[in-house]
Amino acid sequence: MNLYFKYLLILFKSQMQYRTSFWLLSIGQFFIPFSVFAGLYFLFERFGQIKGWDFFEVALCFAIIHMAFSLSECFARGFDTFSSLIIKGDFDRVLVRPRSTFLQVLGSKFEFTRIGRLAQSAIVLLWALNNLPIEWSLVKAVTLFFMITSGVLIFTGIYMLAATMCFWTVQGLEVANIFTDGGREMAQYPLNIYHKWVARFFTYVIPFGTVNYLPLLFILGKTNGNEVLYMLTPVLGSLFILPCFLVWQFGVRHYRSTGS
Amino acid sequence: MKVYASILKIRLLIGMQYRSAAWAGVATQFFWGFISIMVFKAFYEFAAVTPPISLKELITYIWLQQAFLAFIMLWFRDNELFDLITSGNIAYELCRPTDLYGFWYAKLLAQRLSSALLRCYPILILAFFLPKPYNLTLPPNVLTFILFVITLLLGLLLLVAISMFLYISVFITLSPMGSLLIFGVLGEFFAGLIIPVPLMPLWLQKIAYVLPFRWTADFPFRVYSGHITQSDAVIGVFIQLVYLLALLWLGKLALNSVLKRVVVQGG
Amino acid sequence: MIKVEGITKSFKVAKRSTGLLQAAKSLVHREHTIVEALKDISFTIEPGEIVGYIGPNGAGKSTTIKIMSGILVPDGGTCNIMGFTPWKNRVEYVKNIGVVFGQRSQLWWDVPVIDSFELLKDIYKIPQQEYQSTFDLLVETLELKDIINAPVRQLSLGQRMRCEIAASLIHNPQILFLDEPTIGLDAVSKIAVRQFIKTINQEKGVTVVLTTHDMNDIEALANRVILIGKGSLLYDGNLEELRKRFGSQKTITADYRKNPNPIDIAGTSVISWSPEHVVLSIDTEQTLSSEVITKLSSQVELLDVTIESQPIEDIIIQLYKEFQI
């Protein structure tokens, strides 16, 4: 929406006031996943493969999840830092403006420094794609796109759930990290390397599996069956955000009946 | 000494107030450990060559990492200290009767101790009772355990000495974020947090052994599981002491020179 | 315009624990107490009024404002403001009100004030022309020309508050809720803010509901005062009445040619005396100030006389005392 871009503009102007900090943080945001990727590289150097997946296949998986994560960190920053909004009492201000709470919280922050992580995962993506024997088609390209966008929506949904928790307590929010940071660390490998119930939980409850395993197999050409079905799997995962949205509304209602 | 004990008590109290945060933190670390173990298990399943560290020892390594995270990670931030340095209010600190290095050192030490004390027990206990093969195992004998405790505590002292450099560097860079990034990423990598040191390629291991970081984490954890023999462990203790004394001495020197600059420039 | 009837609201507050043992216990179980913030609050405010909503801390002032601005949903009672129930149809209702929270800012911190205004224009969907004319008016009357292009973080508190008030009026609301607007301001800024509120009330007919601890705000702006204490509405009436009820004390300060005799006038009590200066306190219900001055001039050679009413702070303190809050 037009208003959202106006929010982004004012936030960008704000952050540009602190230019050195911005660059330092962005560079840092590049090197953190870089060191994780280096670890991955060395492990593959030693072991050669993990449950049948080779290095570049896992690198592709890694890149997709990290891109989705970094994009969601950029967009959903307002929800990620919602606890400070609540503590400062600024949520009252949100309620006094004639716009949806969702839009306002979304527009309250945008973390531009996550570009560092985005850049790192983009490089890995290109490197992996370059070294994989994929037969490209429009369907596969769209699938890749869906995987990333669905990942963004799933992570954003988790951030929303964590933010909703703030209406009850501003403590214990670290739990959300299990699913955001933890989810990312876990989903950077194809889900089938994990114990069955872990894979199941992260396919049916928090649907990382829909952006990780099945579509990945499809892109790598390891599947038979309906192409369109594989392409749409990530889209199913993105539906996750809908119940999160409802939970958010429920949280807002609670805030309005109990005060801060 | 009494001052430091009360600092610790206050931090524990504060820690307990944030009860949900404490439980949430434990849960996060537990999850992280679990995932790491599963990943390594998957790698080990079809390992062509026998890895230099057994899976059982690796699992112990990972659980100890999580339980004693406060003793190894450099990401711990004392924003108070950062603000003090960047704002120039350091002048007030210099008026204190206590030696500045010692005072800050004690403060950082207390922070890490209190954080670890709260979290290590639940993780250790839970990890111990997990079904095989995920569980944490006991050390092979009592002597190993004693060696472990000694090396762990020395490692903690070493880590705080290293982190003092982090704060000293802020005097020069005037950017807490920048210093934190460099120290944090490099330090944690070479402590074995991203990839266990024995699994690194040989050339990287050589670098890791030269740097002090692995002596805070990788070393004590492998002493525990017996991966490092008792005799090697004793030698390692001496190396830890050497590093510790060297870093303490260098740290004090560095802090003094940096403070002199501050005084000369007029604060 | 504002009709509040029988509003009640209670909160659950968690009990805080002390000491290590208690803290460890609370890790497992938390106890709560119930606080009745508002008990059966009712009042009506006509368009164009300026109402001072006063009471000690924790009395329920902020809670009432939050309910009236649609933030909080009460447990019981009704509220009708301009035909809306504030907490229902929040988005529709909120377009018509402006709110200033004294200690919190609604402006974006690191960018020029004018950028915040422009974004507000988009948030409230104000047509360009209407925005421009309102903008010009606000800049002129609040004297914002020199500060409108500065980032908020560089402004002094007084300057910031002027911008905050302008920001709350940029969409031409019919009602303005002010929650402690002059807190922390210097004297000059306070006067500027009060003057401005009076102006928009008189010229644009904006209804103003103002909570404050500074009684001089009340004195300058509101002729109607609503007192709330411990959740209940205790007084709703004119400032004049309050004065009559509690403000009958006056002080007479007189300077005169050196006279060694102490002043003694029936119906007065001496607060301080020196051979050239005396301060007397009188109860105007019992003695006329004019009588006292006549008697005074017969005892000494008067040079200068001042008559002061009881400061409003005292009146309010007595009011609180009467209601035991």
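Predicted model: local features only at pLDDT ≥ 70, side-chain atom pairs only at ≥ 80, totals over all residues.
1. In helix 10 of chain B, the residues B:D218, B:F219, B:P220, B:F221, B:R222, B:V223, B:Y224 and B:S225 are buried, where buried means under 20% relative accessible area, exposed means over 50%, and partly exposed lies in between (1.4 Å probe, protein chains only). This helix, which spans residues 218–225, is accordingly described as mostly covered, with 8 of its 8 residues buried. It is followed by B:G226, whose phi is positive, near 90°. Helices here are DSSP runs of H or I with at least four residues, strands are runs of E with at least two, and both are numbered from the N terminus.

2. Residues are numbered from 1 along each chain as its sequence is written, while chains are lettered from A and ligands numbered from 1 in the order in which they are written.

3. On confidence, the predictor gives the complex an ipTM of 0.86 and a pTM of 0.83. For chain C the mean pLDDT is 86, and 95% of the residues reach 70 or more, pLDDT being the predictor's confidence in each residue, from 0 to 100. Among the elements of chain C, the lowest mean pLDDT (62) belongs to helix 1 (residues 19–26), and the highest (93) to helix 4 (residues 113–123).

4. Chain B as a whole has 11 helices and 0 strands, and from the N terminus on its elements run α-α-α-α-α-α-α-α-α-α-α. Of its 267 residues, 54% are buried. Among the contacts in chain B with a separation of 6 or more, residues 24 or more positions apart account for 78%, a contact being heavy atoms within 4.5 Å. The chain exposes about 12200 Å², of which carbon and sulfur atoms supply 72%; the areas come from the Shrake-Rupley method with a 1.4 Å probe, and for residues only the protein chains shown count as cover.

5. Chain C has 11 helices and 13 strands. Its radius of gyration is 25 Å, well over the 20 Å that the globule rule gives for 325 residues, so chain C is more spread out than a compact globule; the radius is taken over C-alpha atoms, and the rule is 2.2 Å times the number of residues to the power 0.38. Taken along the principal axes, the C-alpha atoms of chain C fill a box of roughly 70 × 55 × 45 Å. The domain assignment gives domain 1 (47–243) and domain 2 (248–309), with bounds that come from an automatic or database assignment, and the C-alpha centres of these two domains lie 43 Å apart.

6. C:V13 lies in strand 1 (residues 2–14) of chain C and, at 37% relative accessibility, counts as partly exposed. Leaving aside neighbours within four places in sequence, C:V13 is in contact with C:E31, C:H32, C:T33 and C:V35.

7. Two backbone angles deserve a look, because most residues other than glycine have a negative phi. A:K51, which is not a glycine, has a positive phi of about 40°; it is found in the loop between helix 2 (19–47) and helix 3 (55–75) of chain A, and is partly exposed with a relative accessible area of 27%. C:K230 likewise has a positive phi, near 50°, and is found in the loop between strand 8 (224–229) and strand 9 (232–238) of chain C, where C:K230 is exposed with a relative accessible area of 58%.

8. A search of the whole structure finds 64 aromatic pairs over all chains. One of them, A:F91 with A:Y255, is edge-to-face, at 5.1 Å centre to centre and 85° between the planes. This pair links distant parts of the chain, A:F91 in helix 6 (residues 91–95) and A:Y255 in helix 15 (residues 241–258) of chain A, 164 residues apart. Rings of Phe, Tyr and Trp (its six-membered ring) pair if their centres lie within 6.5 Å, and planes under 30 degrees apart count as stacked, over 60 as edge-to-face and the rest as tilted. Both A:F91 and A:Y255 are buried.

Technical notes: Heavy atoms only, no water.
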